[in-house]
Amino acid sequence: QVQLVESGGGLVQTGGSLMLSCAVSGRTFSSYNMGWFRQAPGKEREFVARITSSTYYADSVKGRFTISRDNAKNTVYLQMNSLKPEDTAVYYCAASSSLYTSDRRWFSYWGQGTQVTVSS
């Protein structure tokens, strides 16, 4: 069983930065497609970024967010810079065995989420 635990959310002002972390249990972390998604109130959960041996980003965060992973620590990170009020959401870490997708339906394992609030 794969378990994911996010941390690092909080309240930040517009233009500020936060780094989210996601610790993953399991022996095959390095083989997973790891993603970050977010869900704002009243909206669907949306793709933010993912990482395999390459990185992929939603257009809304490209150039501001950076996803990375440390396979030795079974951890994936999301560095968020130049935050905007529209980035306010619950952020979820997720894992997929499918390496070629950003579609949340293909991510089998999810963390509990961490709240990010950006004040204007």
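**Sheet, core and ring pairs in a predicted model**

Y32 is buried, at a relative accessible area of 10%. Here buried means under 20% relative accessible area, exposed means over 50%, and partly exposed lies in between (1.4 Å probe, protein chains only). The model is predicted: local features need pLDDT of at least 70, side-chain atom pairs count only at pLDDT 80 or more, and totals for chains, interfaces and linings use all residues. Residues are numbered from 1 along each chain as its sequence is written, and side-chain values use heavy atoms, with hydrogens and water left out.

The structure holds six aromatic pairs. Rings of Phe, Tyr and Trp (its six-membered ring) pair if their centres lie within 6.5 Å; planes under 30 degrees apart are stacked, over 60 edge-to-face, and the rest tilted. Y32 lies in the loop between β3 and β4, whereas Y109 belongs to strand β10 (residues 109-110), so the pair ties together parts 77 residues apart in sequence. Strands (E, at least two residues) and helices (H or I, at least four) are DSSP runs, numbered from the N terminus. Y109 is partly exposed, at 24% relative accessibility.

F37 and W110 form another pair. Their ring centres are 5.0 Å apart and their planes stand at 55°, so this pair is tilted. F37 sits in strand β4 and W110 in strand β10, 73 residues apart. F37 is buried at 1% relative accessibility, while W110 is partly exposed at 26%. Ring pairs also link F37, F47, Y92, F107 and W110 into a cluster.

Two arginines lie over rings. A charge sits over a ring if NZ of Lys or CZ of Arg is within 6 Å of the ring centre and within 35 degrees of the ring normal. The charged end of R45 is over Y92, 3.6 Å from the ring centre. R69 lies over the face of F29, at 4.7 Å from the ring centre.

The largest nonpolar core has 34 residues, of which M34, W36, V76, L78, M80 and Y91 touch the most other members. Such a core is a set of buried Ala, Val, Leu, Ile, Met, Phe, Trp, Tyr and Cys residues joined through side-chain atoms within 4.5 Å. At least two residues come from each of β3, β4, β5 (46-51), β7 (65-70), β8 (75-80), β9 (89-96) and β11 (114-119). β9 gives the largest share, five residues. Beyond its neighbours within four places in sequence, V76 is in contact (heavy atoms within 4.5 Å) with residues including L20, F29, M34, W36, I51, I67, R69 and C93.

Four strands make an open sheet in the order β1-β3-β8-β7, with antiparallel pairing. Two strands pair if DSSP finds at least two bridges between them. β1 and β7 are the edge strands, each pairing on one side only. Neighbouring strands are turned by 15° against each other on average, direction ignored. These angles use axes that are lines fitted to C-alpha atoms (for helices over the stretch in contact), with angles running from 0 to 180 degrees between N-to-C directions.

Strand β1 (residues 4-7) has a covered face, L4 and E6, and an uncovered one, V5 and S7. β7 and β8 pair over six antiparallel bridges, and the partner of D70 in β8 is T75.
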